[in-house]
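Here are my notes, jotted down as numbered points. Have the model open next to you while you read.

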Amino acid sequence: MILDTLVQGMQMMLVLALAPLLTGLIRKVKARLLRRQGPSLIQPYRDLLRLIRKEAVIAENASWLFRAAPYAIFAAIWVAAALVPTFAAGLQFSWSADLIAIVALLGSARFFLALAGLDVGTGFGGIGSSREMMIASLAEPAMIIVVFTLSLLAGSTQLSSIAGFMQSADVGLRVSLGLALISLLMVAIAENARVPIDNPATHLELTMVHEAMVLEYSGRHLAMIELAASLKLLLYVSLIACIFVPWGMAGTGHGGPAAYAVGLATWLGKLALAGFLLALFETAIAKMRVFRVPEFLGAALMLGLLALLLRFVSRSM
Amino acid sequence: MTLFTPVAASLALLLALSMIGVAAARSAGALVYLGSAVGTAVLLISGAIALLGGGEPLSAALPLGVPWIGARFRIDALAAIFLVIVNLGGLAACIFGVGYGSHESAPARVVPFFPAFLAGMNMVVLADDAFTFLLSWEFMSLTSWALVMAHHKEPGNARAGYIYIVMATFGTFALLLAFGLLAGRDGLYAFDAMRAAQESPRLAALVLALTVLGTGSKAGLVPLHVWLPLAHPAAPSHVSALMSGVMTKVAVYGFVRIAFDLLGPMHWSWSIIPLVLGAVTAVLGLLYAILESDLKRLLAYSTVENVGVIFIGLGLALAFKANGMPAAAALAMTAALLHALNHAAFKSLLFLGAGAVLSATGERDLGKLGGLIHRMPYTSAAFLVGAAAISALPPLNGFVSEWLLFQAIIVSPELPQWGMKFLVPAIGAMLALSAALAAACFVRAFGITFLGRSRSNAAAEAREVDRFSVGAMAGLAALCVLIGIFPGIVIDALGPTIRLLAGGQLPTQSEVPWLSIVPLTASRSSYNGLLVLLFMAISGLLAAYAVHTFASRAVRRAPPWDCGTPVPDPITQYTAGSFAQPLRRVFGPLLFHARETVDMPLPGDTRPARLTVSVRDLVWELLYQPVVDAVLLAADRLNHLQFLTIRRYLTLVFAALILLLIVVAVWQ
């Protein structure tokens with residue numbers, strides 16, 4: 001019992017500790033691909049430390065919501081990230097929220113981020129919030145459809161059960177799983193504000209979405225939001241890994257130091273690979289106009305629907 | 001003493017208060033509201049006792065009404081849960097009314113009808129024969145119509161009242177026909193007799209269609225919703241809360257009573273009607289809401305959406321029940337009824353919040369609000385809880401019912417029909433779309449109203465509302481949180497109702513460890529709102545504590561940064577229209593024929609540039625306008641019948657008589 005709680009606590013601390021490293025890795029790889037030296041891998045940690053030590057400059061008319069929102073956003077995303085299986089499935093509290101609840105927790109975080117963008121009453125905050133909600137209102141249904149497809153196949157919405165099902169031998173290659181994977185990747189790119197939907201490194205105001213919402217933040221508040229964004233990226237990578245490449249992860253009820261060590265090593269490998277692929281993809285593609293985003297996400301939605309409808313078609317093709 | 005004594009006493013109290021309201025509306029207003037609060041509280045407790053007592057039906061007959069029918073009343077598990085829903089919203093509206101009533105400009109038009117409206121809704125739920133049901137239904141419609149017309153001199157309200165009364169009459173007419181078919185040739189109007197009777201499948205399908213028309217027009221199903229966003233906002237705000245939060249639930253009750261209780265076994269294909277209508281309603285309702293810039297109308301459109309969600313649940317329950325899957329039917333039914341309860345809580349809360357904003361600023365146009373979080377801290381906090389709850393965000397109550405509904409949708413592949421296997425996941429996709437749009441809609445509603453800088457002097461000088469109003473909102477907000485973190489208790493309380501309607505039940509939630517909820521089996525899915533809330537609270541507070549202790553807690557206030565170019569004029573903020581613009585560009589062209597035209601002056605021309613946006617309500621233009629045109633045309637053509645001579649009238653009468661005789665002769 002106590003041991004189970006410890007393992008769960010370890011996972012919670014692990015995702016928190018590794019999230020900035022993943023961000024740093026992506027930045028480094030991107031810089032190298034552009035033949036730049038790039039900042040060091042641990043630069044995100046230095047940035048966060050510097051930010052939380054600074055005083056927070058807050059707009060004169062900011063309300064309590066503006067000051068509370070960074071912690072609420074961070075807490076919602078951290079809890080969601082801690083509930084996604086990383087190195088082991090079926091941890092102690094994994095049943096307290098299933099995949100739908102995890103998606104909804106990310107929705108809670110977005111709700112408060114969009115409100116915080118509107119709080120000071122500046123034009124850029126409004127741009128960010130309104131575009132973010134437009135993107136979310138298309139990305140979330142696509143995500144839920146992918147969840148439907150997976151849970152219809154696995155007979156459960158619990159991530160641990162889905163991972164267990166995908167690890168079992170009788171899954172085979174399925175068309176619907178392939179489509180669901182593509183759809184989920186597109187949603188993940190949109191949700192994490194990556195190229196081509198949004199550029200995390202942009203400072204050209206009119207193209208910003210996520211950065212526009214957090215424009216008024218500084219100091220420790222900005223640090224919480226940056227950390228939450230890193231956590232969200234880690235969450236999505238872990239989510240995709242635990243559903244589509246669950247191999248190596250310690251299964252439900254198969255815990256133990258050896259299994260955890262194998263799970264941890266494979267998970268770190270998957271993170272590094274995903275970070276490299278994301279950097280490669282972002283370097284190869286240009287950002288799209290805001291009003292092309294609905295087409296991109298509409299495609300994700302349609303692929304998800306196709307996956308849902310095709311789930312009967314191929315069992316062992 | 002049976003449960004009927006307090007129920008009858010409180011109904012009598014409500015009707016007596018209505019009389020007092022007629023006699024002394026201005027002086028006795030607070031008394032009437034307080035008395036109504038007592039009456040609804042007693043009814044609420046009675047409903048809860050009946051529900052917790054296992055829902056054994058209690059009947060009573062009064063020697064009133066039509067001689068051979070009488071007036072029958074009955075409290076069974078279904079009536080009990082709706083007694084709770086109706087009086088929960090009713091109680092909050094009464095308490096709000098105590099404070100809000102003093103702002104009322106025409107109390108004599110509101111105070112007498114308010115308790116009568118409450119009594120009417122309760123009587124619908126209690127009625128046990130078609131006559132009493134329809135009489136109470138009409139009483140409810142007429143009293144609410146009177147309340148809609150309370151401020152009939154304001155522009156638009158007279159039209160709202162007119163459309164409402166036409167649609168209400170249409171709905172009652174459909175219900176009258178439905179009950180007529182159910183009563184059969186022998187005219188058995190008691191519900192017991194209808195339950196015992198076996199209808200032929202074709203007749204039952206007709207009854208179901210008429211019921212969808214009759215109750216759907218009251219609940220606001222698309223395309224019967226047109227009156228709702230006009231009439232609900234026109235009434236005083238605590239009445240809007242009642243109409244949106246409670247009266248739509250009475251309509252849902254009517255549908256459940258007829259479709260699940262009075263009608264016999266169903267064919268699975270009938271479930272398609274409520275499913276498809278519900279899904280269309282859910283998505284369209286929110287798209288209307290997102291484009292709306294009047295706070296109360298936005299809330300009314302969001303009611304349309306939630307009714308759609310409830311009907312999706314009911315449709316699923318019909319499909320599962322018809323296929324002999326009681327556990328799945330129980331899950332869908334639980335989701336629908338829990339959502340009805342949740343919606344009663346958060347929509348009443350949001351309308352009361354809109355009422356507080358209206359009485360503090362005199363404005364309900366989003367373009368003239370803003371910055372109210374500084375002026376009205378309690379109202380804004382309560383409204384925030386309501387907005388988060390209706391956006392289905394964990395750990396609040398709205399999420400629990402939508403989660404249960406998603407779980408019910410995931411059971412759908414077990415349905416034997418291929419059509420349903422494909423249809424239900426598509427419905428689920430539309431449900432997901434509506435959930436995501438709800439978040440966008442309420443970020444906009446809360447953000448533009450309460451955040452940012454004030455867009456008018458009225459908003460800049462707003463004052464927090466009185467204690468009664470704040471108390472009513474705080475109570476509902478607390479309820480939203482409590483149902484969200486202890487859903488198992490409510491689901492268990494719904495048990496008797498679900499057994500009655502769906503024939504199955506969910507696992508007993510109080511036996512699940514850690515207060516989780518488990519709809520089918522634990523390996524399949526589970527959710528624990530309490531733990532999610534605790535985790536979030538602990539990690540958020542820990543993070544804040546750690547940062548404040550070990551890093552920095554210094555704060556400096558400065559002008560907004562705004563990329564280095566802050567403009568003090570509030571006009572530079574995003575408005576309701578600009579916030580909705582991306583979504584309007586995505587969904588508008590297809591569904592609303594939304595068009596934007598930019599009128600840009602030539603260089604050297606000094607007139608201002610203009611952006612014109614046109615949005616058309618296609619439902620009204622395609623469905624209602626032709627009917628309106630036809631009625632006007634017919635009235636125009638038939639007008640000359642008023643100016644005939646007596647000989648022609650006699651000829652017409654004679655011709656009509658001959659025609660009827662021929663009809664009778666052919667019929668026999």
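1. Start with Arg35(A), which sits in the loop between helix H1 (2-33) and helix H2 (43-53) of chain A. Helices here are DSSP runs of H or I with at least four residues, strands are runs of E with at least two, and both are numbered from the N terminus. Arg35(A) isn't a glycine, yet its phi is positive, about 60°. Arg35(A) counts as exposed because it has 7 C-beta neighbours inside 10 Å. (The cut-offs: buried means 20 or more other C-beta atoms within 10 Å of a residue's own, exposed means 12 or fewer, partly exposed is in between, and C-beta atoms are placed from the backbone.)

2. A word on provenance: this is a predicted model, where local features need pLDDT of at least 70 and side-chain atom pairs count only at pLDDT 80 or more, while totals for chains, interfaces and linings use all residues. Residues are numbered from 1 along each chain as its sequence is written, and chains are lettered from A and ligands numbered from 1 in the order in which they are written.

3. Now take the loop between helix H16 (377-390) and helix H17 (397-410) of chain B, where Pro395(B) is found. The bond joining Pro394(B) and Pro395(B) is cis, with omega about 5°. Ala392(B) is found in the loop between H16 and H17 as well, and has a positive phi of about 60° without being a glycine. Is Ala392(B) buried or exposed? With 28 C-beta neighbours inside 10 Å, Ala392(B) counts as buried.

4. Please also check the peptide bond from Val222(B) to Pro223(B), which is cis with omega near 5°. Pro223(B) belongs to the loop between helix H9 (201-219) and helix H10 (228-234) of chain B.

5. As for chain B overall, there are 25 helices and five strands. Buried residues account for 56% of its 668 residues.

6. On to the contact between the chains: chain B puts in 70 residues and chain A 71, where two residues are in contact if their C-beta atoms, placed from the backbone, lie within 7 Å. On the side of chain B that touches chain A, H18(B) gives the largest share, 13 residues.

7. Finally, have a look at the strands: strand S1 (residues 56-59) of chain A pairs with S3(B) in the parallel sense over four bridges. (Two strands pair if DSSP finds at least two bridges between them.) Opposite Ala56(A) you'll find Val555(B) in S3(B).
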